[in-house]
Amino acid sequence: MKTKQEILTALAHSGDDKLLLAGLLDKEQTCEQRGYLTHTKFLDLKQRALCTDAVRLAGATGHALFWGGYEDAERGIYLFYPDYMDAESAKLSAPLALLRARKRREDTLTHRDYLGSLMGLQIDRSVVGDILVHEEGADIIVLEDMAEFILMHFAKAGRKQLSLTREDLSDLKHAAVEEKRGTGSVVSPRLDSVAALIFGLPRKDAQARIEKGLVFVNNTPCMKPEHQITEGDRLTVRGVGRARVEAFGGTSRKGRIFLEYVRNA
């Protein structure tokens, strides 16, 4: 178990990192000392990985969890819960609200449209979680203390009118995700080779994105192009898409390895 200062020294590589981790560790300490549920704001994948390392070093994994309102959420909050709660009760007590934005049937709106209009309300990105676009409109997960403000002021996405209601989080409508299956071959199961194949990128481009921290393996940033990918690994390239490696099997006459994958279309 490391002290707060030791964790900051080990993990914080910028002023933003230091502020994020200091706030996280303060929340954990408050939960321990006062015995009630505490939480961060919404975290992106990179922040989540950094906070996960800090939670581990602080020895707090037994009473901490990442939760975005549903399993496999991309954005979520870190919850710290006291001894009288377990993980499931902590999820039920999480201060998250579900807002459903309904559009007219003939209107076409994208994730960017909804997010851009929300940011136009001059609210911080950290109070908004995943935005799940579906046929009726979009389900938007937000922090509870921002829900009423958004309900009052969020009436348009782009120039399209919306009607907004609060719904029970258990009624979440998942985005309709079209999956595309594919096959191909790589010289080796290195991350740069696999990412280049799956996402249709030049290998140098894939390497550059990896080295900039824009590629995630199982929700954790991986900055090593030579990292070995295994079956079942989930890959995310920020701004490009998400995929899952289904299987490796067999080699070509030239020694290339065949692989099967599923990518979000």
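In this predicted model, F154 makes contact, beyond its neighbours within four places in sequence, with A101, Y114, S117, L118, L121, I140, L162 and L164. F154 also belongs to the largest nonpolar core, which holds 40 residues. Within that core, F154 is one of the five residues that touch the most other members, together with Y114, L118, I140 and I150. Three of these, Y114, L118 and I140, are also among the contacts of F154 listed above. At least two residues of the core come from each of β2 (64-67), β3 (77-80), β4, α5 (111-119), β5, β6 and α6. In soluble globular proteins, nonpolar side chains tend to be buried together.

Charged pairs were examined next. Over the whole structure, 21 salt bridges were found. One of them joins the side chains of K4 and D26, with a nitrogen-to-oxygen distance of 2.8 Å.

E136 sits in the loop between β5 (128-133) and β6 (137-143), whereas R102 is part of strand β4 (residues 96-102), so the pair ties together parts 34 residues apart in sequence. E136 has a relative accessible area of 36% and is partly exposed. R102 also counts as partly exposed, at 28% relative accessibility.

The side chains of R166 and E144 meet in another salt bridge, with 3.2 Å between N and O. This pair links distant parts of the chain, with R166 in strand β9 (residues 163-167) and E144 in helix α6 (residues 144-153), 22 residues apart. R166 is partly exposed at 36% relative accessibility, and E144 is partly exposed with a relative accessible area of 34%. Salt bridges with shared partners also join R102, E136, E167 and K173 into one network.

Helix α7 (residues 191-199) has eight of its nine residues buried, and is therefore largely enclosed by the rest of the structure. The buried residues are L191, D192, S193, V194, A195, A196, I198 and F199. They pack against α8 (203-211) and against the strands β10, β11 (215-217), β13, β14 (241-251) and β15 (257-264). The helix is followed by G200, which has a positive phi, near 65 degrees.

Two individual residues give further detail on this part of the chain. S185 lies in strand β10 (residues 179-186). Apart from neighbours within four places in sequence, the contacts of S185 are L197, R256, I257 and F258. The C-alpha atoms of S185 and E71 are separated by 31 Å, and the two residues are 114 residues apart along the chain.

C222 is located in the loop between β12 and β13 (234-237). With a relative accessible area of 10%, C222 is buried. Leaving out neighbours within four places in sequence, C222 is in contact with L191, I210, V215, F216, V217 and H227. C222 and L235 are 13 residues apart in sequence, and their C-alpha atoms are 9.9 Å apart in space.

Pockets were also considered. Rolling a probe the size of a water molecule over the atoms shows where empty space is left. The second largest pocket has a volume of about 400 Å³. Its lining consists of 17 residues, and those nearest the centre of the pocket are K46, A49, L50, P221 and M223. At least two lining residues are supplied by each of α2 (15-34), α3 (45-57) and β12 (220-221). The largest contribution to the lining comes from α3, with five residues. By class, the lining of this pocket comprises seven nonpolar, five polar and five charged residues.

How values were computed: Residues numbered from 1 in each chain as written. Predicted model: local features only at pLDDT ≥ 70, side-chain atom pairs only at ≥ 80, totals over all residues. Heavy atoms only, no water. 1 Å grid on protein atoms, 1.4 Å probe; cavity = no way out; pocket = protein on both sides within 12 Å on 5 of 7 lines; lining within 4 Å. Points joined across faces, edges and corners; volume = space filled by probe spheres on them. Helix = DSSP H or I, 4+ residues; strand = E, 2+ residues; numbered from the N terminus. Nonpolar A, V, L, I, M, F, W, Y, C, P; charged D, E, K, R; others polar. Salt bridge = Lys/Arg side-chain N within 4 Å of Asp/Glu carboxyl O. Buried < 20%, exposed > 50% of the residue type's maximum accessible area, 1.4 Å probe, protein only. Core = buried A, V, L, I, M, F, W, Y, C linked by side-chain atoms within 4.5 Å. Contact = heavy atoms within 4.5 Å.
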